[in-house]
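Try each task before you read its solution.

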Amino acid sequence: MKVILDSLSRSGIDFDLFDRVRVEPTDVSFADAISFARSSNYDAYLAVGGGSVIDTCKAANLYASKPDAEFLDYVNAPIGKGLPVSHQLKPLIAVPTTAGTGSETTGVAVFDYEPLKAKTGIANRALRPTLGVVDPLFTLYMPERVAANSGFDVLCHALESYTAIPYQERTPCPTDPKLRPAYQGSNPISDIWSLVALRAVAKYMKRSVFDSTDKEARIAMHLASSYAGIGFGNAGVHLCHGLSYAVAGQVKDYKAVGYNVDHPIIPHGLSVVVSAPAVFKFTSAMCPERHIEAAEILGADVRNVKRDDAGLVLSDVLTKFMYDLGVDNGLTSLGFTKDDIPSLVKATLPQDRVLKLSPRPQSEEDLTNLYENSMTLF
């Protein structure tokens with residue numbers, strides 16, 4: 001931050017600093033930032049940090065540009081009203097300092113909605129930053145577990161967007177172009193970005209996590225984060241993220257290593273990846289070729305793999321990848337028991353924005369099974 005602030009001062013730019021961003025933002029912390037932004041008529045916004053910072057700035061920009069808007073007006077339905085954004089926002093420059101969320105490329109701002117103890121978000125193209133400055137040197141300061149959990153988010157962004165329901169199968173079609181969702185389903189353009197990101201994760205993530213001085217790996221993962229952001233920013237994510245919102249929102253006393261916070265949090269990437277082996281077993285029957293291709297990119301020998309085994313081979317290679325990177329051993333290690341599953345499922349059901357992008361429809365029983373199969377991984 002000192003580099004950024006000194007640069008602004010040298011350039012003669014007047015600015016105010018908001019430094020109360022919460023790691024894993026909530027509706028309350030968003031409201032604090034919105035109040036700050038509404039207190040002055042700012043010309044532009046600069047967000048320097050990880051996804052929590054950039055998403056908070058997106059929300060502040062959105063609501064400060066519409067002073068009479070109520071908070072739930074733009075929050076995704078059915079939790080909020082999901083209204084289209086029809087007003088002009090101020091320019092926003094995003095400078096990501098982690099390699100995970102890809103928030104500098106997307107029109108999404110995610111937060112914990114405390115009344116429901118689940119994550120939700122605001123999704124509209126208008127939120128997308130005007131400019132993203134991707135300088136991988138900022139990521140050299142990430143601690144090992146922050147690099148790992150951020151990288152898991154890149155991994156799942158790539159996998160979920162590549163295996164999302166195809167865009168031509170997404171229903172219902174909106175009655176008005178203004179109501180077109182930010183997430184369109186997998187498509188030829190998003191496929192390109194998702195696969196490039198997945199290949200980078202396979203090649204560089206372990207190096208990036210275990211050696212912070214490996215500039216080549218840290219650079220590659222920072223770019224992969226942006227690539228995957230472009231991919232899922234168009235196609236969307238599905239079940240890993242849909243399940244993660246309840247996991248993060250119902251955290252008990254889990255303290256994440258490497259995060260300088262005074263409250264329990266399950267980092268976003270960790271909450272997402274913990275269900276990945278179970279999820280891709282579940283979705284594989286709908287697009288087995290894509291699951292096999294992903295498994296091969298991640299290092300599996302797929303020469304004799306049958307379509308019916310696509311989910312198993314991807315699940316196995318993911319589990320090994322996660323083990324090698326020291327991930328916690330399932331939901332049990334994050335403080336959950338089977339008694340928590342009904343509450344987790346209840347908080348997952350409203351996540352229609354992402355659940356409907358799964359290539360395979362799911363029932364309440366299916367969601368229950370996915371949580372049960374994610375209790376332990378190894």
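Predicted model: local features only at pLDDT ≥ 70, side-chain atom pairs only at ≥ 80, totals over all residues.

**Exercise 1. Find the volume of the largest pocket and the residues closest to its centre.**

Step 1. Take the volume. The largest pocket has about 1,200 Å³.
Step 2. Look at the lining. It consists of 46 residues.
Step 3. Go to the centre. Closest to it are Gly-49, Gly-50, Gly-51, Ser-52 and Thr-98.

**Exercise 2. Say which elements supply the lining of the largest pocket, and which gives the most.**

Step 1. List the elements with at least two lining residues each. Among them are strand 1 (45–49), helix 3 (51–64) and strand 3 (108–113). Helix 4 (144–163), helix 7 (239–249) and helix 8 (268–273) also belong to the list.
Step 2. Pick the top contributor. Helix 4 gives the most, with five residues.
Step 3. Sort the lining by residue class. There are 21 nonpolar, 19 polar and six charged residues.

**Exercise 3. Strand 1 contributes to both linings. Is strand 1 mostly covered or mostly open? Which strand does it pair with?**

Step 1. Check burial. Four of the five residues of strand 1 are buried, so the strand is mostly covered. Here, buried means under 20% relative accessible area.
Step 2. Find the partner. Five bridges link strand 1 with strand 2 (residues 92–96), and the two run parallel.
Step 3. Pick one bridge. Leu-46 is partnered by Ile-93 in strand 2.
Step 4. Strand 1, helix 3 and strand 2 form a right-handed β-α-β unit.

**Exercise 4. Follow the pairing from strand 2 to strand 5.**

Step 1. Check burial. Strand 2 is mostly covered, with four of its five residues buried.
Step 2. Count the bridges. Two join strand 2 to strand 5 (residues 131–132). These strands run parallel.
Step 3. Follow one residue. Ile-93 stands opposite Leu-131 in strand 5. Ile-93 is also the bridge partner of Leu-46.

Note on methods
Residues numbered from 1 in each chain as written. Heavy atoms only, no water. 1 Å grid on protein atoms, 1.4 Å probe; cavity = no way out; pocket = protein on both sides within 12 Å on 5 of 7 lines; lining within 4 Å. Points joined across faces, edges and corners; volume = space filled by probe spheres on them. Nonpolar A, V, L, I, M, F, W, Y, C, P; charged D, E, K, R; others polar. Buried < 20%, exposed > 50% of the residue type's maximum accessible area, 1.4 Å probe, protein only. Pairing = 2+ DSSP bridges. Right-handed = clockwise from strand over helix to strand, strands pointing away.
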